[in-house]
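Student: Could you take me closely through the aromatic rings of this structure and how they pair with one another?

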Amino acid sequence: MINLPMIIGGRKVDRDEKIEVIYPYTREVIGQVPKGAVEDVEKAVEKAKTGLEKLKSLSSYERYRILMKVASLLEERKEEFAKTIVYEVGKTIREARTEVERCINTVIFSAEEAKRIPGEYVHIDASPNGKGKKGFYFREPAGIVAAITPFNFPLNLTAHKIAPSIAAGCPFILKPSERTPLSPTMLCELFLEAGVPEEAVSIIPGFADVGQAMTTHPDVRVVSFTGSLKVGEIIAKQAGLKKIVMELGSNSAVVVDKDADLEKAAKKSVLGGFAVAGQVCISVQRILVHEDAASQFQELLKQEVSKLKFGDPMDENTDVGPVITVDEVNRIQSWIREAVEKGAKVEKGGIACAEEKTVFQPTIVYDIPEESKLFYEEAFAPVVTVKKFKDIDEALHLVNKTNYGLQVGVFTNNLTNAWKFIKHAQVGGVIINDIPTFRADNMPYGGVKGSGIGREGPRYAIEDYTEIKVVVFDLNE
C-alpha cells in the first residue's frame, strides 16, 4: 500500500478522508492520498504568493540548477516511478519506463529554457512619435499557476506543466487526476528536495470542487488543463480574466495514400492505436486508406494486430494492458455496438477478456460510418477504425469533419498531397510519413477547434507562464 500526503506550500498534510488508488488490472486498492477540499486551495494560494516572491529572487541559472537536480533525482529512482505508474494507470511496464524517460527529458528541456527566456530590442523610433526613444521588452513571471492533469500520463504531463512553471518563476498548485495521484505527488516531493522554495509547491488531490476553486480563484493568473472538451469548456467559462492553456483531446486520423509504404503505415498505425490501450489523446483512431490500397493495407493491419500480446501490464512481453476502469470497457463496447448497428464490421477483437475484465482486446472496425461515435468522438480505447477514400480531397474532408483538431499523420510519397494536408488540415500538427501519435517533448504541441488553446512543450508553455513588460527611454534633450 502506497500512502502519500498532499502538499500545501511545501508542507506535507494529511486528512482523515482518503482517495483510494485502484490498480486497473486487478481492481485492487494499491494506495491512498488525502482528499483535498476548497479550504486547502485557499491555503495553497496564500503560500504561493510568498513562493512567487521567492522564485522571482532566484536567478535564471539558479532555477536551471534546481530543475537539473530534479532530473538527476528522478534518474536515480526511475524503476520505482515506473512501477508506480503501472499500478495507478495500468500501462505496461515498458510504456511506464518510457514515460519516466520522457519526464526526465521534459524537466531538462525546462531547465535549459529557464536560461533563455527571451526579450527583444524594440525599434520605437520606427513610429512617427518615437523619435529619440529607445525601448525593449522582457518577460517576467505571470503569477500563480493552477495545473490540472489527466490519468493517462500522470508523470510526464505533470512535468509539462510544473517544470516550465518553475523555469518561468511561477509557483504552482497541482490537482492530479483522482485516479492517478501517486507519481505526481512523488514528483512534487523531488521538486522540494531539489530546492524549489517550499511555498511555490502545492499538490491537492481531489475532485471537481478542488479544480473549480483553483481555476476560479482571483489570485491565480494561469490555468493549465489537460482533459476532456466538456470540462475544458466549463473551465473556460468559469476562469475569468486568466491566461488559459488547454489540451482537450482528439480523434486523430491517419491517411494512407495509394503510393504509401503500406507495411510501414500498418506497423506504425498499430503502434499508435494500441499504446497505453489507446488511452492517448493522439492515439490513432481513424485510419483513412485509399481504395486502391485498402485490401492490401487491411490485411497488413490485421497481421500486425494479431502479433500484439495483451494482459498483465507487469509482464515484460505485454503490449496492451488494461483500460482504466470497467465502466470504460462498458462504454467502449456500447460505441462498437452502435457502429455495427449503423453498418460497421468488427474485423478483430471487439470484446473484453472474460477473466481480465479491464483488458479490452485490440480491435479493428472496418467501414466505419461517419455518423457513429467511433468516428466523430474521442474513443480513448484500444480500437482503430478503417474507412476508404477515393481521392485526397475526400480524405482531407474526412480529417476535418470533426470537432477536434490535434494532429494528423499522412503516409504518402506525393509531395503535392502532403502539402495539401500541411496547408489545409485543421489541426495543430501534421506528421508526414508517421502517425499523429508522434510527439517530441520539446516541440510545440497542441491543437485547434475542440482540441484546445495554446501549446505545450517547455519553451512554448513558458510563453503562457510569463507576461511581457515593455521599457521605453526618452532620450530627447
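Tutor: Tyr23, Tyr25 and Tyr87 together make up one aromatic cluster, where rings of Phe, Tyr and Trp (its six-membered ring) pair if their centres lie within 6.5 Å, and planes under 30 degrees apart count as stacked, over 60 as edge-to-face and the rest as tilted. The model is predicted, so local features need pLDDT of at least 70 and side-chain atom pairs count only at pLDDT 80 or more, while totals for chains, interfaces and linings use all residues. Residues are numbered from 1 along each chain as its sequence is written, and side-chain values use heavy atoms, with hydrogens and water left out.

Seven aromatic pairs are found in a search of the whole structure. In one of them, the ring centres of Tyr23 and Tyr87 lie 5.1 Å apart with the planes at 80°, so this pair is edge-to-face. It joins distant parts of the chain, since Tyr23 belongs to strand S4 (residues 18–23) and Tyr87 to helix H3 (residues 78–89), 64 residues apart; helices (H or I, at least four residues) and strands (E, at least two) are DSSP runs, numbered from the N terminus. Tyr23 is buried at 6% relative accessibility, whereas Tyr87, at 31%, is partly exposed; buried means under 20% relative accessible area, exposed over 50%, and partly exposed in between (1.4 Å probe, protein chains only).

Tyr61 and Tyr64 form a tilted pair, 5.8 Å centre to centre with 35° between the planes. Because they are three residues apart in helix H2 (residues 60–76), about one helical turn separates them. Tyr61 is partly exposed at 45%, and Tyr64 is buried at 17%.
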